[in-house]
Amino acid sequence: MMKDNHEPTLDDVLQPGKQMLAAGYCMYGSSCTLVLSTGEGVNGFTLDPSLGEFILTHPGIKIPKKGKIYSVNEGNAKNWDGPTAKYVEKCKFPKDGSSSKSLRYIGSMVADVHRTLLYGGIFLYPADKKSPSGKLRVLYEVFPMSFLMEQAGGQAFTGKQRALDLVPTKIHERSPIFLGSFDDVEDIKALYAAEGKKE
């Protein structure tokens, strides 16, 4: 959000995500989908090629409070920190008698987050030993998807704080991200909190 009518500067861009006014993504596949929030919930539109217009097909998207799917690149598992490894282990082998979560990972943040938004669960792209600051860019990956997730009733967490509270210091800054259903993100937040108490 521009603070006033001056010539734009880098400081106008390097603002916390909570200052965002809108976010969205477009996804191409068997149809062309546009998901958008202007701060009043999340709506999904599908391109009608015969009209050349986007039609509202998914009004008022709300993510389920808890999901049955987790989405993470398990090829990086050997480099994860303790809380991430424990969370994924809990997804596969829950000790409370609940069913295991299913792994679904496309490898495209937009596609993985889109599925998470519609069906619930959690998308994880944690920091690891190879990428201690995470891989996804704060301004144009973490913030927009976090904004959409919160607008749909979910959460977004960096491993340390609410994602939209980050204050970037450079344009291509990176961050870990855990986003999705409210209860699923609460679970990983609890693991990070427990790890913090040990230190």
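**Terms and their grounds**

Modeller: Let us begin with Ser-71, which belongs to strand β5. Strands (E, at least two residues) and helices (H or I, at least four) are DSSP runs, numbered from the N terminus. The model is predicted, so local features need pLDDT of at least 70 and side-chain atom pairs count only at pLDDT 80 or more, while totals for chains, interfaces and linings use all residues. Residues are numbered from 1 along each chain as its sequence is written, and side-chain values use heavy atoms, with hydrogens and water left out.

Biologist: Why does Ser-71 count as buried?

Modeller: The term buried applies under 20% relative accessible area, exposed over 50%, and partly exposed in between (1.4 Å probe, protein chains only). Ser-71 has 0% relative accessibility and therefore counts as buried.

Biologist: Which residues does Ser-71 touch, leaving aside those up to four places away in sequence?

Modeller: Contact means heavy atoms within 4.5 Å. On that basis Ser-71 touches Leu-103, Arg-104, Tyr-105, Asp-112, Arg-115, Ile-122, Phe-123 and Leu-124.

Biologist: What makes the link between the side chains of Ser-71 and Asp-112 a polar contact?

Modeller: A polar contact is a pair of N or O atoms within 3.5 Å; within protein, one must be able to donate a hydrogen and the other to accept it, and residues adjacent in sequence count only if both atoms are side-chain atoms. The side chains of Ser-71 and Asp-112 are joined at 3.3 Å, and those of Ser-71 and Arg-115 at 3.2 Å; each value therefore falls within the limit of 3.5 Å.

Biologist: How do you know that β5 and β7 pair?

Modeller: Two strands pair if DSSP finds at least two bridges between them. Strands β5 (residues 69–71) and β7 run parallel and are joined by two bridges, with Tyr-70 opposite Ile-122 of β7.

Biologist: What makes β6 and β9 edge strands?

Modeller: The open sheet of five strands is ordered β6-β5-β7-β11-β9, with mixed pairing. Strands β6 (102–103) and β9 (155–157) each have a single partner strand, so one side of each lacks a neighbour in the sheet. Two bridges connect β6 to β5 in parallel, and Leu-103 of β6 is the bridge partner of Tyr-70.

Biologist: Which strands does helix α3 touch, and how is its angle to β7 defined?

Modeller: Helix α3 (residues 109–119) packs on the sheet and touches β5, β7 and β11, its direction making about 150° with that of β7. Axes are lines fitted to C-alpha atoms, for helices over the stretch in contact, and angles run from 0 to 180 degrees between N-to-C directions. Helix α4 (residues 138–151) lies across β9 and β11, at about 30° to β11.

Biologist: Why does Leu-124 count as buried?

Modeller: Leu-124, in strand β7, has 1% relative accessibility, which is under 20%, and therefore counts as buried. In β7 (residues 122–125) both faces are covered: Ile-122 and Leu-124 are buried on one side, Phe-123 and Tyr-125 on the other. Leaving aside residues up to four places away in sequence, Leu-124 touches Tyr-70, Ser-71, Val-72, Tyr-87, Ile-177, Phe-178 and Ile-188.
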